[in-house]
Amino acid sequence: MKSLQRIQNKYVFLAVSFIFWFSHFIYIPVLSPYIEFKGGQYAFIGLVLGSYGFMQFLFRLPMGIVSDLLKVRKPFITFGMLVSALSCLAFAWTDSLGWILLARSFAGLAASAWVVFTVLYSSYFTDQHIHRAMGTISFVVVLAQFLGMSVSGLIVDTWGWTAPFWIGGTMGIVGVLLSLLVAESTEEIPREPVNLQDLASVIREPMLLKVSLLSISAHGIIFTTMFGFVPTYALHIGLKASDTGFIVCSFMIPHAVATLLSGGWFAPKLGEWKTLQLAFGATALFTLIIPFIETKVLLCVILGLNGFSMGLLFPLFLGMAIESISPEKRATAMGLYQAVYAIGMFIVPLIAGILNFSLGIEAGFYFSGLLALTALFLMVIWNPALRKKETDYTWQRKQVK
């Protein structure tokens, strides 16, 4: 009976996670043109897009610290789901550019709760299965992103500009109700007092800092390419707006598959760090190739390979950020990790946009490719520590067997 309850907890949690991200991404492909339709200039559109990452930078670490101090997770899940619903409804209700900025800021605040989402879900598993768990939840996130982005244009064509926001808000309310069924952590979180000094030591954890720095590059690249300038580049080489669906599918489907294989096959076979090196090397190659592509078929192929490469990265980052941290401090660790990579979500697309304006749209892809090479170079510098990490990981797997 207890085993059945644990399975039910996992599926309820994954359902809430799917709704959470679906409500965030159902309007992403039409957000920029919608703001332009409402009279927003390109500078204001950039401000709105950047507010999402900026709010996460501000709130993710504090949210993780408070969750660890209170030793609770579930209320933060419900809070994030509620603010996500309000964000969508605010978009749907208003014609004001100021409220549009506020609505997107709410989305960033809601996304800050993902810190606690990932920590709570990992608590349903033993440490030996944490990468598999992060692969599963990453797959659900990518699936929600893919489905949301795929139907967005069709919804607008059928029901109008505000329809994706109404649908996202409605699903968000369903998610709030479903979040009330989410089970609190099934592991025994130590109940001795955890003070701020203890949590401060987490922030100095070397492995956490390294993973967080690498993740700046990974998130910056994906928000500059697939969630940024790839659709614009596709139009630049002669594709039509109706081809956006093919572009999304070519990237997101391999991306989703890779999230499952990352912790389920690649990490156990190659080790965490070798998998990261392989993924960053491939990401650099395929990103640097994009500016040389001039046909739809070849663009879809390269995006598919790039989507798979990047899909290997994110589940490993999630697991590695907390695997060496004690359970009572993991929300703080996850908060730091996600706050740091939010910098990449905001700064990297901003720099790429400036480069594109000055040098042409190809410049942003060259910049993103160089970021991936920089991440690979950092791992070479850290090689002695990485080799020890690989040895420890292999030893742990043998002990489990």
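Predicted model: local features only at pLDDT ≥ 70, side-chain atom pairs only at ≥ 80, totals over all residues.
**Close-up views of aromatic and helical features**

**View 1. Charged ends placed over aromatic rings.** The charged end of arginine 104 sits over the ring of tyrosine 52, at 4.0 Å from the ring centre.

View 2. The structure holds 25 aromatic pairs, and one of them is formed by phenylalanine 18 and phenylalanine 22, which are stacked with 5.8 Å from centre to centre and 25° between the planes. Both residues belong to helix α1 (residues 2-25), where, because they are four residues apart, they are separated by about one helical turn. An α-helix has 3.6 residues a turn, so residues three or four places apart point the same way. Phenylalanine 22 is buried, its relative accessible area being 10%.

View 3. Phenylalanine 91 and phenylalanine 165 form a stacked aromatic pair, with 4.8 Å from centre to centre and 15° between the planes. Since phenylalanine 91 lies in helix α4 (residues 74-93) and phenylalanine 165 in helix α8 (residues 163-179), the pair ties together parts that are 74 residues apart in sequence. Phenylalanine 91 is buried, with a relative accessible area of 0%, and phenylalanine 165 is likewise buried, with a value of 0%.

**View 4. An aromatic cluster of phenylalanine, tryptophan and tyrosine residues.** One aromatic cluster is formed by Phe13, Phe20, Trp21, Phe25, Trp114, Phe117, Tyr121, Tyr124 and Phe125. Among these members, Phe13, Phe20, Trp21 and Phe25 have numbers that fall within the range of helix α1 (residues 2-25).

**View 5. The kink in helix α11 and the glycine that follows the helix.** Helix α11 (residues 244-270) has a kink of about 60°, which is centred on serine 262. Just after α11, glycine 271 takes a positive phi of about 95°.

**View 6. The protein chain as the setting for the close-ups.** The protein chain contains 16 helices and zero strands, and of its 401 residues 55% count as buried. Among contacts in the chain with a separation of 6 or more, 85% are accounted for by residues 24 or more positions apart. The accessible surface of the chain comes to about 17000 Å², and 70% of that surface belongs to carbon and sulfur atoms.

Terms used:
Residues numbered from 1 in each chain as written. Heavy atoms only, no water. Phe/Tyr/Trp six-rings, centres within 6.5 Å; stacked < 30°, edge-to-face > 60°. Helix = DSSP H or I, 4+ residues; strand = E, 2+ residues; numbered from the N terminus. Buried < 20%, exposed > 50% of the residue type's maximum accessible area, 1.4 Å probe, protein only. Lys NZ or Arg CZ within 6 Å of the ring centre and 35° of its normal. Contact = heavy atoms within 4.5 Å. Areas by Shrake-Rupley, 256 points an atom, 1.4 Å probe, with all protein chains shown as cover. Bend = angle between axes of the 7 residues up to and from the residue.
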